[in-house]
Amino acid sequence: MNNPVRNVESLDLLVNATQQFERALIWIDGIKEGIIDFLINPKRTIHLRFPVHLDDGSIKTFHGFRVLHSDVRGPGKGGIRYHPDVTEAEVGALAAFMTWKTAVVDIPYGGAKGGVVCNPKKLSRSELRRITRRFVAELGDNIGPHTDIPAPDVYTNAQTMAWIYDTFDQFHPGENNLAVVTGKPLEIGGSLGRDEATARGSWYATEQLLGRGMVPGLESLEGARVAVQGYGNAGSTAARLFHDAGGVLVAVSDSRGGISNDKGLDPRAVLAHKEETGSVVGYPGAREISNEELLAYDCDVLIPAALECQIRADNAHDVKARLIVEDANGPLTAVADEVLQQRGVVVLPDILANAGGVVVSYFEWVQNLENQQWTLEKVEKRLNAKMCRAVDETVDRFNELQARFESGANKGAQGPTLRDAALVSAIHRIATVILQRDIWP
Ligand code: NAD
(Lines give C-alpha, C1' and ligand atoms only; values in the text may rest on other atoms or scores of the structure.)
Protein backbone atom coordinates (compact mmCIF):
# COMPACT_ATOMS: atom_id res chain seq x y z
CA MET A 1 0.00 0.00 0.00
CA ASN A 2 1.15 3.53 -0.73
CA ASN A 3 2.30 5.69 2.16
CA PRO A 4 -0.17 8.47 2.86
CA VAL A 5 1.14 11.89 1.91
CA ARG A 6 2.42 13.79 4.91
CA ASN A 7 1.83 17.35 3.81
CA VAL A 8 -1.48 19.17 3.67
CA GLU A 9 -1.77 20.67 0.21
CA SER A 10 -1.62 24.42 -0.22
CA LEU A 11 -1.42 26.46 -3.41
CA ASP A 12 0.53 29.14 -1.55
CA LEU A 13 4.12 29.12 -2.82
CA LEU A 14 5.53 30.11 0.58
CA VAL A 15 3.76 27.21 2.31
CA ASN A 16 5.16 24.82 -0.32
CA ALA A 17 8.67 26.25 0.02
CA THR A 18 8.45 25.77 3.80
CA GLN A 19 7.12 22.21 3.43
CA GLN A 20 10.01 21.36 1.08
CA PHE A 21 12.52 22.85 3.53
CA GLU A 22 11.04 20.99 6.51
CA ARG A 23 11.05 17.74 4.57
CA ALA A 24 14.77 18.17 3.80
CA LEU A 25 15.55 18.88 7.47
CA ILE A 26 14.61 15.26 8.31
CA TRP A 27 17.91 14.31 6.67
CA ILE A 28 20.08 16.74 8.60
CA ASP A 29 21.36 15.80 12.04
CA GLY A 30 22.51 18.18 14.72
CA ILE A 31 21.52 21.50 13.18
CA LYS A 32 20.68 24.00 15.91
CA GLU A 33 17.12 25.38 16.16
CA GLY A 34 18.44 28.95 15.93
CA ILE A 35 20.13 28.22 12.60
CA ILE A 36 16.96 26.64 11.22
CA ASP A 37 15.02 29.73 12.25
CA PHE A 38 17.61 31.97 10.65
CA LEU A 39 17.53 29.94 7.42
CA ILE A 40 13.79 29.64 7.03
CA ASN A 41 12.84 33.29 7.50
CA PRO A 42 13.99 36.23 5.36
CA LYS A 43 16.73 38.36 6.81
CA ARG A 44 15.07 41.59 5.69
CA THR A 45 11.91 42.72 3.91
CA ILE A 46 11.65 46.28 2.65
CA HIS A 47 8.21 47.74 1.89
CA LEU A 48 8.01 50.91 -0.12
CA ARG A 49 5.15 53.13 -1.20
CA PHE A 50 5.93 55.75 -3.78
CA PRO A 51 3.93 58.14 -5.98
CA VAL A 52 4.33 58.20 -9.77
CA HIS A 53 2.94 60.58 -12.35
CA LEU A 54 0.83 58.74 -14.94
CA ASP A 55 0.46 59.82 -18.57
CA ASP A 56 -3.09 61.13 -18.04
CA GLY A 57 -1.81 63.65 -15.46
CA SER A 58 -3.00 61.68 -12.42
CA ILE A 59 -0.74 60.45 -9.63
CA LYS A 60 -0.82 56.87 -8.40
CA THR A 61 0.92 55.46 -5.35
CA PHE A 62 2.58 52.10 -6.01
CA HIS A 63 3.59 49.42 -3.53
CA GLY A 64 6.92 47.65 -3.98
CA PHE A 65 9.06 45.38 -1.89
CA ARG A 66 12.42 43.71 -1.84
CA VAL A 67 13.06 40.60 0.23
CA LEU A 68 16.64 39.70 1.12
CA HIS A 69 16.29 36.11 2.25
CA SER A 70 19.95 35.43 2.96
CA ASP A 71 23.32 37.11 2.45
CA VAL A 72 25.37 34.51 4.32
CA ARG A 73 27.27 33.33 1.22
CA GLY A 74 27.39 36.67 -0.59
CA PRO A 75 25.17 39.53 -1.77
CA GLY A 76 21.48 38.87 -2.33
CA LYS A 77 20.58 37.86 -5.88
CA GLY A 78 17.18 37.64 -7.50
CA GLY A 79 14.74 39.15 -9.94
CA ILE A 80 12.18 41.94 -9.68
CA ARG A 81 8.69 41.15 -10.94
CA TYR A 82 5.96 43.57 -11.97
CA HIS A 83 2.56 41.97 -11.55
CA PRO A 84 -0.87 43.01 -10.19
CA ASP A 85 -1.03 39.93 -7.92
CA VAL A 86 2.52 39.94 -6.59
CA THR A 87 2.57 39.54 -2.79
CA GLU A 88 5.16 39.66 -0.05
CA ALA A 89 4.61 35.92 0.61
CA GLU A 90 5.20 34.98 -3.04
CA VAL A 91 8.32 37.13 -3.25
CA GLY A 92 9.51 35.68 0.07
CA ALA A 93 9.20 32.14 -1.27
CA LEU A 94 11.00 33.03 -4.49
CA ALA A 95 13.77 34.72 -2.47
CA ALA A 96 14.20 31.51 -0.44
CA PHE A 97 14.39 29.47 -3.68
CA MET A 98 17.20 31.83 -4.78
CA THR A 99 19.12 31.17 -1.55
CA TRP A 100 18.96 27.40 -2.09
CA LYS A 101 19.63 27.72 -5.85
CA THR A 102 22.79 29.83 -5.51
CA ALA A 103 24.07 27.37 -2.88
CA VAL A 104 23.25 24.29 -5.00
CA VAL A 105 25.28 25.60 -7.97
CA ASP A 106 27.83 27.08 -5.59
CA ILE A 107 28.00 30.69 -6.69
CA PRO A 108 28.91 33.34 -4.10
CA TYR A 109 25.48 34.82 -3.53
CA GLY A 110 22.58 34.70 -1.14
CA GLY A 111 18.95 34.89 -2.21
CA ALA A 112 16.62 37.84 -2.82
CA LYS A 113 13.57 38.83 -4.85
CA GLY A 114 11.52 41.95 -5.39
CA GLY A 115 8.24 43.07 -6.79
CA VAL A 116 6.06 46.04 -7.61
CA VAL A 117 2.28 45.66 -7.57
CA CYS A 118 1.28 46.98 -10.98
CA ASN A 119 -0.17 45.81 -14.28
CA PRO A 120 2.50 46.31 -16.94
CA LYS A 121 0.01 45.44 -19.69
CA LYS A 122 -1.89 48.63 -18.81
CA LEU A 123 1.13 50.90 -18.35
CA SER A 124 3.00 52.82 -21.05
CA ARG A 125 6.74 52.52 -21.49
CA SER A 126 7.32 55.93 -19.92
CA GLU A 127 5.10 55.05 -16.93
CA LEU A 128 7.09 51.82 -16.44
CA ARG A 129 10.31 53.84 -16.66
CA ARG A 130 9.13 56.30 -14.00
CA ILE A 131 7.96 53.46 -11.71
CA THR A 132 11.34 51.73 -12.08
CA ARG A 133 13.39 54.85 -11.49
CA ARG A 134 11.40 55.86 -8.42
CA PHE A 135 11.49 52.33 -6.99
CA VAL A 136 15.27 52.18 -7.39
CA ALA A 137 15.72 55.66 -5.90
CA GLU A 138 13.61 54.60 -2.89
CA LEU A 139 15.60 51.37 -2.49
CA GLY A 140 18.77 53.50 -2.28
CA ASP A 141 21.77 51.57 -1.02
CA ASN A 142 19.68 48.54 -0.14
CA ILE A 143 20.74 47.34 -3.58
CA GLY A 144 24.31 47.49 -4.85
CA PRO A 145 27.02 45.41 -6.56
CA HIS A 146 28.08 43.94 -3.20
CA THR A 147 24.82 44.01 -1.23
CA ASP A 148 21.82 42.92 -3.31
CA ILE A 149 21.78 42.52 -7.09
CA PRO A 150 18.44 42.52 -8.96
CA ALA A 151 17.69 40.82 -12.29
CA PRO A 152 14.67 40.44 -14.59
CA ASP A 153 11.66 38.35 -13.62
CA VAL A 154 8.01 38.23 -14.71
CA TYR A 155 7.21 41.33 -16.85
CA THR A 156 10.58 42.97 -16.36
CA ASN A 157 13.29 42.72 -19.00
CA ALA A 158 16.66 44.00 -20.22
CA GLN A 159 15.21 47.50 -20.68
CA THR A 160 14.02 47.55 -17.05
CA MET A 161 17.53 46.51 -15.99
CA ALA A 162 19.03 49.36 -18.06
CA TRP A 163 16.80 51.85 -16.17
CA ILE A 164 17.81 50.31 -12.83
CA TYR A 165 21.49 50.61 -13.72
CA ASP A 166 21.14 54.17 -14.95
CA THR A 167 19.25 55.33 -11.84
CA PHE A 168 21.71 53.67 -9.46
CA ASP A 169 24.61 55.11 -11.48
CA GLN A 170 23.24 58.64 -11.10
CA PHE A 171 23.40 58.26 -7.32
CA HIS A 172 26.94 56.81 -7.41
CA PRO A 173 28.86 58.90 -9.97
CA GLY A 174 32.42 58.02 -10.85
CA GLU A 175 32.12 54.34 -9.87
CA ASN A 176 31.82 51.18 -11.97
CA ASN A 177 28.19 50.43 -11.18
CA LEU A 178 27.44 47.92 -13.95
CA ALA A 179 27.41 45.03 -11.51
CA VAL A 180 24.43 46.46 -9.57
CA VAL A 181 22.04 44.55 -11.80
CA THR A 182 22.22 41.62 -14.26
CA GLY A 183 20.21 40.74 -17.36
CA LYS A 184 21.20 44.08 -18.92
CA PRO A 185 21.32 44.73 -22.67
CA LEU A 186 24.59 43.53 -24.23
CA GLU A 187 25.63 47.11 -25.03
CA ILE A 188 25.67 48.10 -21.35
CA GLY A 189 27.39 45.14 -19.80
CA GLY A 190 24.98 42.26 -20.44
CA SER A 191 26.43 38.81 -21.02
CA LEU A 192 26.28 36.74 -24.14
CA GLY A 193 24.19 33.62 -23.50
CA ARG A 194 22.00 35.13 -20.74
CA ASP A 195 18.79 34.85 -22.83
CA GLU A 196 19.11 31.10 -23.25
CA ALA A 197 20.83 30.34 -19.96
CA THR A 198 17.89 28.95 -17.98
CA ALA A 199 16.78 26.45 -20.61
CA ARG A 200 20.34 25.61 -21.65
CA GLY A 201 21.27 24.92 -18.04
CA SER A 202 18.24 22.64 -17.67
CA TRP A 203 19.26 20.75 -20.80
CA TYR A 204 22.86 20.30 -19.56
CA ALA A 205 21.52 19.15 -16.18
CA THR A 206 19.12 16.68 -17.80
CA GLU A 207 21.84 15.14 -19.97
CA GLN A 208 24.06 14.75 -16.92
CA LEU A 209 21.25 13.23 -14.84
CA LEU A 210 20.40 10.71 -17.56
CA GLY A 211 24.10 9.92 -17.99
CA ARG A 212 24.23 9.04 -14.28
CA GLY A 213 21.44 6.51 -14.83
CA MET A 214 19.01 8.27 -12.51
CA VAL A 215 15.89 7.76 -14.64
CA PRO A 216 15.05 4.08 -15.05
CA GLY A 217 14.33 3.26 -18.70
CA LEU A 218 15.65 6.56 -20.03
CA GLU A 219 19.38 6.63 -20.76
CA SER A 220 19.50 9.63 -23.11
CA LEU A 221 17.35 12.20 -24.89
CA GLU A 222 17.73 10.37 -28.21
CA GLY A 223 14.16 9.50 -29.21
CA ALA A 224 12.73 10.67 -25.86
CA ARG A 225 9.20 12.09 -26.09
CA VAL A 226 9.21 15.62 -24.66
CA ALA A 227 6.25 17.82 -23.60
CA VAL A 228 6.65 21.47 -22.57
CA GLN A 229 4.17 23.61 -20.62
CA GLY A 230 4.69 27.33 -21.37
CA TYR A 231 6.25 28.63 -24.57
CA GLY A 232 7.98 31.79 -23.37
CA ASN A 233 11.68 32.36 -22.84
CA ALA A 234 12.40 29.20 -20.84
CA GLY A 235 9.87 26.87 -22.50
CA SER A 236 10.49 27.68 -26.15
CA THR A 237 14.27 27.54 -25.72
CA ALA A 238 14.07 24.24 -23.81
CA ALA A 239 11.82 22.83 -26.57
CA ARG A 240 14.45 23.70 -29.19
CA LEU A 241 17.45 22.43 -27.21
CA PHE A 242 15.78 19.14 -26.19
CA HIS A 243 14.62 18.65 -29.80
CA ASP A 244 18.10 19.37 -31.21
CA ALA A 245 19.54 16.86 -28.73
CA GLY A 246 17.44 14.08 -30.31
CA GLY A 247 14.18 14.42 -28.37
CA VAL A 248 10.79 14.27 -30.09
CA LEU A 249 8.70 17.30 -29.14
CA VAL A 250 5.22 15.78 -28.85
CA ALA A 251 3.26 18.55 -27.09
CA VAL A 252 3.57 22.21 -26.04
CA SER A 253 1.22 24.78 -24.55
CA ASP A 254 0.86 28.40 -23.54
CA SER A 255 -1.75 30.41 -21.65
CA ARG A 256 -4.31 29.93 -24.46
CA GLY A 257 -4.02 26.12 -24.70
CA GLY A 258 -1.85 23.37 -26.14
CA ILE A 259 -1.01 21.44 -29.29
CA SER A 260 0.31 17.93 -29.88
CA ASN A 261 1.65 15.73 -32.64
CA ASP A 262 3.07 12.29 -31.82
CA LYS A 263 5.28 12.42 -34.90
CA GLY A 264 6.97 15.51 -33.48
CA LEU A 265 6.59 19.29 -33.64
CA ASP A 266 9.23 21.60 -35.11
CA PRO A 267 10.07 23.95 -32.19
CA ARG A 268 11.29 26.78 -34.44
CA ALA A 269 8.20 26.68 -36.63
CA VAL A 270 5.97 26.61 -33.50
CA LEU A 271 7.81 29.68 -32.16
CA ALA A 272 7.42 31.48 -35.49
CA HIS A 273 3.69 30.68 -35.37
CA LYS A 274 3.45 32.01 -31.80
CA GLU A 275 5.30 35.19 -32.73
CA GLU A 276 2.96 35.73 -35.67
CA THR A 277 -0.36 34.87 -33.99
CA GLY A 278 0.31 35.32 -30.27
CA SER A 279 -0.14 31.64 -29.39
CA VAL A 280 1.03 28.10 -30.19
CA VAL A 281 -2.66 27.24 -30.66
CA GLY A 282 -3.67 27.01 -34.32
CA TYR A 283 -0.27 25.70 -35.43
CA PRO A 284 -0.96 23.70 -38.60
CA GLY A 285 -0.58 19.92 -38.48
CA ALA A 286 -1.17 19.59 -34.76
CA ARG A 287 -4.08 18.49 -32.58
CA GLU A 288 -5.38 20.98 -30.04
CA ILE A 289 -5.22 19.88 -26.41
CA SER A 290 -5.94 21.53 -23.07
CA ASN A 291 -3.27 22.39 -20.53
CA GLU A 292 -4.55 19.58 -18.30
CA GLU A 293 -4.10 17.14 -21.20
CA LEU A 294 -0.59 18.45 -21.74
CA LEU A 295 0.44 17.69 -18.15
CA ALA A 296 -0.98 14.17 -18.52
CA TYR A 297 0.46 13.64 -22.01
CA ASP A 298 2.09 10.32 -22.85
CA CYS A 299 5.75 11.38 -22.85
CA ASP A 300 9.12 10.60 -21.25
CA VAL A 301 10.12 14.11 -20.21
CA LEU A 302 7.71 16.81 -19.02
CA ILE A 303 9.06 20.35 -18.70
CA PRO A 304 6.80 22.74 -16.76
CA ALA A 305 8.01 26.21 -17.82
CA ALA A 306 5.06 28.46 -17.00
CA LEU A 307 3.63 28.98 -13.54
CA GLU A 308 3.79 27.67 -9.98
CA CYS A 309 1.59 24.92 -8.47
CA GLN A 310 0.64 23.35 -11.82
CA ILE A 311 1.01 19.72 -10.70
CA ARG A 312 -1.00 19.09 -7.57
CA ALA A 313 -2.72 16.32 -5.60
CA ASP A 314 -5.59 16.32 -8.14
CA ASN A 315 -3.49 15.73 -11.27
CA ALA A 316 -0.16 14.24 -10.10
CA HIS A 317 -1.59 10.73 -10.56
CA ASP A 318 -2.22 11.46 -14.26
CA VAL A 319 1.38 12.39 -15.10
CA LYS A 320 2.84 9.82 -17.50
CA ALA A 321 6.35 11.23 -17.84
CA ARG A 322 9.29 9.37 -16.29
CA LEU A 323 11.14 12.64 -15.66
CA ILE A 324 9.91 16.14 -14.80
CA VAL A 325 12.39 18.97 -15.41
CA GLU A 326 11.28 22.03 -13.45
CA ASP A 327 12.20 25.02 -15.59
CA ALA A 328 9.53 27.04 -13.77
CA ASN A 329 9.90 27.92 -10.08
CA GLY A 330 7.66 25.85 -7.82
CA PRO A 331 5.53 24.12 -10.51
CA LEU A 332 4.83 21.17 -8.18
CA THR A 333 3.17 21.35 -4.78
CA ALA A 334 4.87 19.49 -1.93
CA VAL A 335 2.00 16.97 -1.99
CA ALA A 336 2.46 16.37 -5.73
CA ASP A 337 6.13 15.72 -4.98
CA GLU A 338 5.18 12.92 -2.59
CA VAL A 339 2.66 11.40 -5.01
CA LEU A 340 5.21 11.43 -7.85
CA GLN A 341 7.89 9.94 -5.61
CA GLN A 342 5.57 7.05 -4.73
CA ARG A 343 4.85 6.57 -8.44
CA GLY A 344 8.57 6.49 -9.31
CA VAL A 345 8.52 9.69 -11.38
CA VAL A 346 11.90 11.43 -11.08
CA VAL A 347 11.84 15.22 -10.54
CA LEU A 348 14.84 17.38 -11.44
CA PRO A 349 14.03 20.17 -8.96
CA ASP A 350 13.77 23.87 -9.84
CA ILE A 351 16.62 24.92 -7.54
CA LEU A 352 18.91 22.83 -9.75
CA ALA A 353 17.07 22.56 -13.09
CA ASN A 354 16.55 26.27 -13.72
CA ALA A 355 19.70 27.57 -12.01
CA GLY A 356 21.39 28.25 -15.37
CA GLY A 357 19.82 31.72 -15.42
CA VAL A 358 21.42 32.82 -12.17
CA VAL A 359 24.71 31.12 -13.10
CA VAL A 360 25.02 33.26 -16.24
CA SER A 361 23.87 36.29 -14.22
CA TYR A 362 26.84 35.56 -11.98
CA PHE A 363 29.07 35.39 -15.08
CA GLU A 364 27.70 38.79 -16.15
CA TRP A 365 28.52 40.23 -12.69
CA VAL A 366 32.08 38.85 -12.85
CA GLN A 367 32.56 40.31 -16.35
CA ASN A 368 31.26 43.70 -15.14
CA LEU A 369 33.57 43.79 -12.11
CA GLU A 370 36.55 42.87 -14.31
CA ASN A 371 35.54 45.01 -17.32
CA GLN A 372 35.59 41.92 -19.53
CA GLN A 373 33.34 40.51 -22.25
CA TRP A 374 33.44 36.73 -22.49
CA THR A 375 32.75 34.87 -25.74
CA LEU A 376 29.56 32.83 -26.03
CA GLU A 377 31.69 29.69 -26.17
CA LYS A 378 33.31 30.53 -22.84
CA VAL A 379 29.94 31.29 -21.20
CA GLU A 380 28.41 28.01 -22.40
CA LYS A 381 31.45 25.94 -21.44
CA ARG A 382 31.48 27.37 -17.91
CA LEU A 383 27.72 27.00 -17.58
CA ASN A 384 28.01 23.37 -18.60
CA ALA A 385 30.74 22.78 -16.02
CA LYS A 386 28.69 24.43 -13.23
CA MET A 387 25.50 22.52 -14.07
CA CYS A 388 27.20 19.13 -14.44
CA ARG A 389 29.05 19.54 -11.17
CA ALA A 390 25.86 20.53 -9.34
CA VAL A 391 24.04 17.50 -10.77
CA ASP A 392 26.89 15.20 -9.77
CA GLU A 393 26.93 16.58 -6.23
CA THR A 394 23.15 16.23 -5.97
CA VAL A 395 23.19 12.64 -7.27
CA ASP A 396 26.02 11.74 -4.88
CA ARG A 397 24.09 13.26 -1.99
CA PHE A 398 20.95 11.41 -3.09
CA ASN A 399 22.85 8.10 -3.10
CA GLU A 400 24.20 8.82 0.39
CA LEU A 401 20.70 9.60 1.72
CA GLN A 402 19.28 6.53 -0.01
CA ALA A 403 21.91 4.34 1.65
CA ARG A 404 21.02 5.85 5.03
CA PHE A 405 17.35 5.20 4.35
CA GLU A 406 17.97 1.61 3.35
CA SER A 407 20.05 1.02 6.47
CA GLY A 408 17.03 2.14 8.51
CA ALA A 409 18.76 5.22 9.90
CA ASN A 410 15.95 7.59 8.88
CA LYS A 411 12.87 5.84 10.12
CA GLY A 412 10.46 8.74 9.74
CA ALA A 413 11.35 9.50 6.12
CA GLN A 414 9.89 8.08 2.94
CA GLY A 415 13.22 7.86 1.22
CA PRO A 416 14.92 10.83 -0.43
CA THR A 417 14.10 12.69 -3.61
CA LEU A 418 16.51 14.72 -5.72
CA ARG A 419 14.88 17.84 -4.25
CA ASP A 420 15.68 16.63 -0.73
CA ALA A 421 19.26 15.94 -1.83
CA ALA A 422 19.70 19.38 -3.45
CA LEU A 423 18.21 21.13 -0.41
CA VAL A 424 20.32 19.13 2.04
CA SER A 425 23.47 20.11 0.12
CA ALA A 426 22.38 23.76 0.05
CA ILE A 427 21.56 23.84 3.76
CA HIS A 428 24.89 22.18 4.63
CA ARG A 429 26.76 24.69 2.50
CA ILE A 430 25.05 27.69 4.10
CA ALA A 431 25.18 26.33 7.67
CA THR A 432 28.90 25.63 7.26
CA VAL A 433 29.55 29.26 6.31
CA ILE A 434 27.43 30.47 9.23
CA LEU A 435 29.52 28.40 11.64
CA GLN A 436 32.86 29.28 10.00
CA ARG A 437 32.07 32.98 10.04
CA ASP A 438 30.94 32.60 13.64
CA ILE A 439 28.44 35.31 12.93
CA TRP A 440 27.10 35.62 16.45
CA PRO A 441 29.06 37.98 18.68
P1 NAD B 1 7.69 33.96 -20.05
O2 NAD B 1 6.74 35.02 -19.60
O3 NAD B 1 8.66 34.25 -21.13
O4 NAD B 1 6.85 32.66 -20.51
C5 NAD B 1 5.80 32.11 -19.76
C6 NAD B 1 4.99 31.21 -20.68
O7 NAD B 1 4.01 30.53 -19.90
C8 NAD B 1 4.21 31.97 -21.77
O9 NAD B 1 4.31 31.25 -22.97
C10 NAD B 1 2.76 31.93 -21.26
O11 NAD B 1 1.82 31.96 -22.32
C12 NAD B 1 2.77 30.58 -20.58
N13 NAD B 1 1.65 30.40 -19.66
C14 NAD B 1 1.09 31.29 -18.81
N15 NAD B 1 0.06 30.71 -18.16
C16 NAD B 1 -0.01 29.44 -18.60
C17 NAD B 1 -0.86 28.35 -18.31
N18 NAD B 1 -1.85 28.46 -17.43
N19 NAD B 1 -0.63 27.19 -18.94
C20 NAD B 1 0.36 27.07 -19.84
N21 NAD B 1 1.18 28.06 -20.16
C22 NAD B 1 1.00 29.24 -19.55
O23 NAD B 1 8.42 33.48 -18.72
P24 NAD B 1 9.81 32.68 -18.60
O25 NAD B 1 10.90 33.66 -18.39
O26 NAD B 1 9.91 31.67 -19.68
O27 NAD B 1 9.58 31.96 -17.19
C28 NAD B 1 8.77 30.79 -17.08
C29 NAD B 1 9.02 30.15 -15.74
O30 NAD B 1 10.40 29.86 -15.62
C31 NAD B 1 8.65 31.02 -14.52
O32 NAD B 1 8.24 30.18 -13.47
C33 NAD B 1 9.98 31.63 -14.14
O34 NAD B 1 10.02 32.02 -12.78
C35 NAD B 1 10.90 30.46 -14.43
N36 NAD B 1 12.27 30.87 -14.59
C37 NAD B 1 12.65 31.66 -15.65
C38 NAD B 1 13.97 32.06 -15.74
C39 NAD B 1 14.43 32.88 -16.92
O40 NAD B 1 15.65 33.16 -16.97
N41 NAD B 1 13.59 33.24 -17.86
C42 NAD B 1 14.90 31.68 -14.77
C43 NAD B 1 14.50 30.84 -13.72
C44 NAD B 1 13.18 30.45 -13.65
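A residue is near a molecule or strand if one of its heavy atoms lies within 4 Å of it. This is a predicted model, in which local features need pLDDT of at least 70 and side-chain atom pairs count only at pLDDT 80 or more, while totals for chains, interfaces and linings use all residues. Residues are numbered from 1 along each chain as its sequence is written, and side-chain values use heavy atoms, with hydrogens and water left out.

**Stop 1: the ligand**

Select the ligand and the 20 residues around it; T198, Y231, N233, A234 and N291 come nearest. By type, this shell holds 6 nonpolar, 10 polar and 4 charged residues. Here Ala, Val, Leu, Ile, Met, Phe, Trp, Tyr, Cys and Pro count as nonpolar, Asp, Glu, Lys and Arg as charged, and the others, Gly among them, as polar. At least two shell residues come from each of α7 (233–244) and β7 (248–254). Helices (H or I, at least four residues) and strands (E, at least two) are DSSP runs, numbered from the N terminus.

Next, show the backbone of Y231, where an N or O atom lies 3.0 Å from an oxygen atom of the ligand. At G232, a polar backbone atom is 3.1 Å from a ligand oxygen. Then show the side chain of N291: one of its polar atoms lies 2.9 Å from a nitrogen atom of the ligand. The ligand alone exposes 830 Å², and the protein buries 73% of that (Shrake-Rupley method, 1.4 Å probe).

**Stop 2: the largest core**

Now select W100, L209, V252, V301 and L323, which have the most contacts inside the largest nonpolar core, a set of 88 residues. Such a core joins buried Ala, Val, Leu, Ile, Met, Phe, Trp, Tyr and Cys residues through side-chain atoms within 4.5 Å. Helix α14 (residues 418–437) gives the most to this core, 10 residues. Apart from it lies another core of 25 residues, including I80 and F168.

**Stop 3: L218**

Go to the loop between α6 (197–211) and β6 (225–229), where L218 is found. L218 counts as buried because its relative accessible area is 6% (buried is under 20%, exposed over 50%, partly exposed in between; 1.4 Å probe, protein chains only). Beyond four places in sequence, its contacts (heavy atoms within 4.5 Å) include D300 and V301. L218 and D300 are 82 residues apart in sequence, yet their C-alpha atoms are 7.8 Å apart.

**Stop 4: L352**

Finish in helix α11 (residues 350–353), which contains L352. L352 is buried, at 1% relative accessibility. Among the residues it touches beyond four places in sequence are V104 and M387.

How values were computed:
Polar contact = N/O pair within 3.5 Å; in protein donor to acceptor, adjacent residues only side chain to side chain.
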